[in-house]
Amino acid sequence: MFRILGIAVVLLGAIPLFRLVAKGDGIPRGAWRRKLPAAVAVLLAAILLVAGLGVFFALYTEYLWFESVGFPARFWTVLRTQIFLSAGAILAVFVALAAVTAQSLRGAQRRERWAVFLIAAVVAFILGLPAGQLWEPFLLFVHHPASELSDPVLGKSVSFYLFRLPFYTQLISWLYLVLIAGVIFAGAAGMAGWTRAQQRGAPPEGPGPQQRLFRAPLVVGGLLLLVLAWDSYLGVYRLLYSEWGAVTGAGYTDVHYRTLGYYASVLVYAAIGVALLASAASGRVRTWFARLDTTGPRPQVKVRPAAWAGAVGAVVLLLVFRGLIPLVVMTFYVAPNEITVEKPYIEHNIRFTRLAFGIDSAHVSTREYSLGPHITEDVTEKNRPTLNNVRLWDPRALLDNLREQQEIRLYYQFQDVDIDRYVIEDEYRQVMLAVRELEKGALDPRSQTWVSRQFKYTHGYGLVLLPVHEFLSQGKPKLLVRNIPPESAAPRLQVRRPEIYYGENTTDHVYVDTKEKEFDYPAGETNEYTSYAGQGGVTLDSFPKELAFAWKFDGHRLLFSGYVTRDSRVLFRRRIQDRVAAIAPFLEFDEDPYPVLTPDGRVQYIVDAYTTSRAFPYSDPYRGVVRKFHGVNYIRNSVKAVVDAYEGTVRFYVINAEDLLLRAYRRMFPDMFLPLSEMPPHIRRHIRVPQDLFFLQAEIYGTYHMQDPEVFYQREDVWALATERYRETFQYVMPYYVMVQLPEGEGPEFVLMTPFTPKNKNVMRAWLAARCDGEHYGELVVFTFPKGTEVLGPRQIEARIDQDTEMSRAMTLWGQRGSSVIRGNLLAIPLFDEDKLFLLYAEPIYIQAEDARLPEVKRVALADQTRVVWDEDFETALNRLLGRPEAEARPEQRAAPALGDLPRQALEHFRAFQQAMADGEFEKAGAELEAARRVLSEMTREQGEAGQ
């Protein structure tokens with residue numbers, strides 16, 4: 001609707017111009033010319049009105065959103081900076097263009113002057129408006145903190161490279177555009193002025209007005225060369241990102257010879273720029289270099305031979321110092337002696353790369369253990385908490401299973417499965433959980449109406465949670481939280497606020513607390529309805545707000561809807577990643593937010609936020625598997641964002657207060673970031689080292705664990721990330737979370753780990769762990785094995801499984817019966833016993849029917865350095881690995897069904913049904929009867945599974 005109105009306003013504004021053009025020859029030419037400016041002014045006014053209203057509504061709705069999430073200061077800070085930069089740039093460019101054309105406009109008619117000023121205004125707007133996008137580097141430049149760390153070659157603070165140099169670089173790029181446009185503009189204006197002077201019969205020779213017409217191009221050209229000189233001077237500092245040498249950063253040739261080339265460029269560009277400015281100021285100086293010939297129909301510049309010689313000499317000087325000398329030195333001195341002459345610069349690269357990626361000795365500790373050949377009963381008893389948390393569910397296989405069993409309705413969807421830890425029945429357990437979001441695309445086509453999508457279907461519902469180590473006898477997951485409405489088998493895992501208004505895949509806007517009740521969840525043959533009771537979103541308590549959001553989203557449908565009241569709210573930017581990125585676009589956010597079930601039964605998401613830079617000196621840019629970080633050469637996970645799935649509230653907590661970039665952002669937005677001490681304890685217990693960052697650090701560490709420059713240069717001990725097979729392909733072993741009993745720990749810890757193999761080999765060389773709990777959060781520990789010790793890697797263990805006759809035959813047979821065999825993550829689990837380290841390898845084997853994506857655990861394969869076994873469950877397989885008698889290999893869960901409190905729940909629902917019938921509340925009675933039926937069905941299912 002608003003687009004149509006905008007087009008209509010512009011068309012109405014164009015009517016005077018259309019009428020004037022249509023009359024054409026019927027109006028005297030003088031009168032036509034007098035009326036033309038007014039008609040054009042009316043059209044421009046209409047266009048400006050429509051554009052202005054659009055900008056106003058966009059800014060107004062943005063402000064209302066920022067106010068609703070509690071960050072209005074962030075909105076105003078950025079907006080003020082953008083206006084300051086854009087307005088200042090537009091004004092500066094316009095004044096400059098007006099100045100360079102002032103001489104040319106002498107004697108021009110009023111119409112010509114207005115035309116030139118209008119063109120100058122348009123050019124200034126086009127060139128000046130984008131300057132507002134420099135708000136982030138400008139604010140970083142203004143608010144940057146000092147750093148005690150300096151580069152080892154030029155002695156500049158790291159703050160200069162992170163904050164000042166990037167701003168200078170972007171400013172210079174903008175100045176190039178402006179000055180090049182200025183040269184073109186001044187040249188065109190000068191030629192126009194010359195032509196006009198010729199038409200007036202001005203004297204063709206001598207220092208008259210014609211000579212002064214070309215002062216402006218000389219001034220602009222001189223300024224352009226001075227900017228080139230400044231850019232060349234900064235090029236000396238950019239050598240610390242050079243790729244010329246053996247490693248990233250200034251090498252021998254850069255330090256000793258390429259710097260000379262940049263300094264020579266500074267002198268040449270500055271000298272020529274000053275000469276041009278002097279020529280513009282003095283006609284006498286100008287005659288030293290060139291003479292303006294005005295005898296012909298067009299002016300011609302006659303360059304004097306001395307000036308040509310100087311220009312050629314300058315070009316030769318630049319070619320020699322910028323290209324020839326560095327190339328000769330590199331070819332004939334550095335390359336034949338590279339390891340010797342580049343050694344100190346390799347040391348700089350190693351040191352600064354380790355610092356930039358947080359893998360230096362301050363963040364990483366190394367421990368070496370001798371390898372235990374085979375696991376014993378004594379080892380298992382000392383590591384029982386670790387064994388009780390070995391993950392037997394691959395997230396990919398579990399996601400398929402949950403989508404079949406727990407999505408309940410087609411319009412619900414699990415986006416992914418996340419791994420976390422909770423205290424369950426006084427035991428620290430590793431769990432997996434998935435949130436049930438609403439997928440409106442799967443609604444019945446008859447429900448795809450505007451009212452249904454924006455008012456009725458507004459939120460997802462509930463989650464599922466299960467221990468990573470347990471499964472039922474049929475190979476299905478043992479769910480601790482399940483179903484709709486949520487049912488919990490653990491008292492501490494109660495879901496009291498199951499509505500999911502903000503999630504990982506919730507992208508649309510909705511209107512809540514309206515006259516139209518919202519669909520809450522299905523209850524058998526009927527549905528339950530609710531109204532939003534939170535404080536999220538923007539309240540539509542006035543007509544201007546309704547009008548603004550009608551412009552933004554739904555047009556006339558919102559304005560004329562009878563469902564909206566003064567208490568109604570509009571919820572938008574409901575995707576977690578989009579929400580936090582809109583508030584803090586200067587941070588990089590992890591692509592996998594993960595949910596936390598709080599003690600009061602709410603669902604809140606934690607999003608890892610990174611500060612990154614491509615300007616850390618002497619640091620090697622990342623070029624690995626995590627593509628979003630390509631080119632980054634500095635990274636910290638300094639912030640955790642917490643988003644409530646019901647209210648949509650956002651809080652940013654500082655994890656690393658020493659991060660230079662974050663210190664600058666905190667100065668820019670002092671009210672945005674909260675200290676870690678203010679993070680609620682129930683959230684702090686669930687923070688974890690993110691997988692993407694850990695994977696990146698592991699890739700870098702695989703090379704940069706070598707600190708001896710000669711070993712590093714030869715790449716003698718490069719570690720690679722281990723690989724494994726999933727389905728029919730091989731892939732990297734992605735970092736995985738495990739519960740580990742470390743030697744110095746008082747209990748099991750939640751850690752993220754990944755194994756290393758020597759490059760192009762499959763044996764394990766070391767493994768890297770990131771601690772996630774308590775005061776040890778973020779500590780990286782490398783566990784290495786003595787050189788000469790052969791430790792089996794994941795590929796070798798998988799090969800042993802393939803070579804085992806019984807296992808190979810069984811998997812081949814299962815794959816031929818209308819099913820497919822899926823091999824889950826092969827996990828290497830560390831077990832400690834004093835000064836020895838034992839590795840337990842665990843791989844779940846799943847069976848999935850071809851006509852249903854419902855993977856179920858069929859076998860659990862276990863191995864150590866000498867044996868490979870499998871069985872139907874973990875405990876039985878472990879007993880076989882330990883050589884225990886077969887009679888001890890029966891897991892407890894097969895003895896009897898674990899019904900828990902299901903009978904009590906069924907009885908309560910039946911009593912509630914009876915009471916509702918007695919009270920005549922038949923709808924409630926139906927819901928209670930359906931709930932009792934579901935509980936009885938679950939009891940029957942678990943009894944059946946336990947008996948098989």
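This report walks through a few local features of the model shown above.

## Ground rules

This is a predicted model, so to speak of a local feature we ask for pLDDT of at least 70, and side-chain atom pairs count only at pLDDT 80 or more, while totals for chains, interfaces and linings use all residues. Residues are numbered from 1 along each chain as its sequence is written, and side-chain values use heavy atoms, with hydrogens and water left out.

Helices (H or I, at least four residues) and strands (E, at least two) are DSSP runs, numbered from the N terminus.

## A covered strand and its hairpin

Let's start with strand β32, residues 827-833. Here 7 of its 7 residues are buried, where buried means under 20% relative accessible area, exposed means over 50%, and partly exposed is in between (1.4 Å probe, protein chains only).

In a regular strand the side chains alternate between the two faces of the sheet.

Next along is strand β33 (residues 836-849), which pairs with β32 in the antiparallel sense over 7 bridges; two strands pair if DSSP finds at least two bridges between them. L831 has F838 in β33 as its bridge partner. The hairpin has 2 residues between the strands, and E834 takes a positive phi near 55° there.

Another sheet has 3 strands in the order β13-β17-β16, with antiparallel pairing, and it is open. β13 (510-512) and β16 (538-539) stand at the edges with a single partner strand each, so one side of each is left without a neighbour in the sheet.

β16 pairs with β17 (residues 569-571) in the antiparallel sense over 2 bridges. If you look at T539, you'll find R569 of β17 standing opposite.

## Two surface patches

Patches are made of residues with over 30% relative accessible area and no salt bridge; like charges are joined within 9 Å, and nonpolar side chains (Val, Leu, Ile, Met, Phe, Trp, Tyr) within 5 Å. A salt bridge is a side-chain nitrogen of Lys or Arg within 4 Å of a carboxyl oxygen of Asp or Glu. Accessible areas come from the Shrake-Rupley method with a 1.4 Å probe, and for residues only the protein chains shown count as cover.

The nonpolar patch is made of L118, V122, F125, I126 and L129, with about 480 Å² of accessible area together. I126 sits in helix α4 (residues 110-128), and its 55% relative accessibility makes it count as exposed.

The positive patch is formed by R19, K23, R34 and K35. Lys and Arg count as positive and Asp and Glu as negative, with His and the chain ends not counted; the place of a charge is NZ of Lys, CZ of Arg, CG of Asp or CD of Glu. Helices α1 (2-23) and α2 (29-69) each supply at least two residues of this patch. K35 belongs to α2 and is partly exposed, at 46% relative accessible area.

Most residues other than glycine have a negative phi, and most peptide bonds are trans. Y618, though, has a positive phi near 65°. Y618 is in the loop between β20 (603-613) and β21 (634-644), and is buried, with a relative accessible area of 0%.

R715 also has a positive phi, near 55°. R715 lies in the loop between α24 (709-714) and β24 (719-721), and is partly exposed at 41%. Finally, a cis peptide bond joins I484 and P485, with omega about -10°; P485 is in the loop between β10 (481-482) and β11 (487-488).
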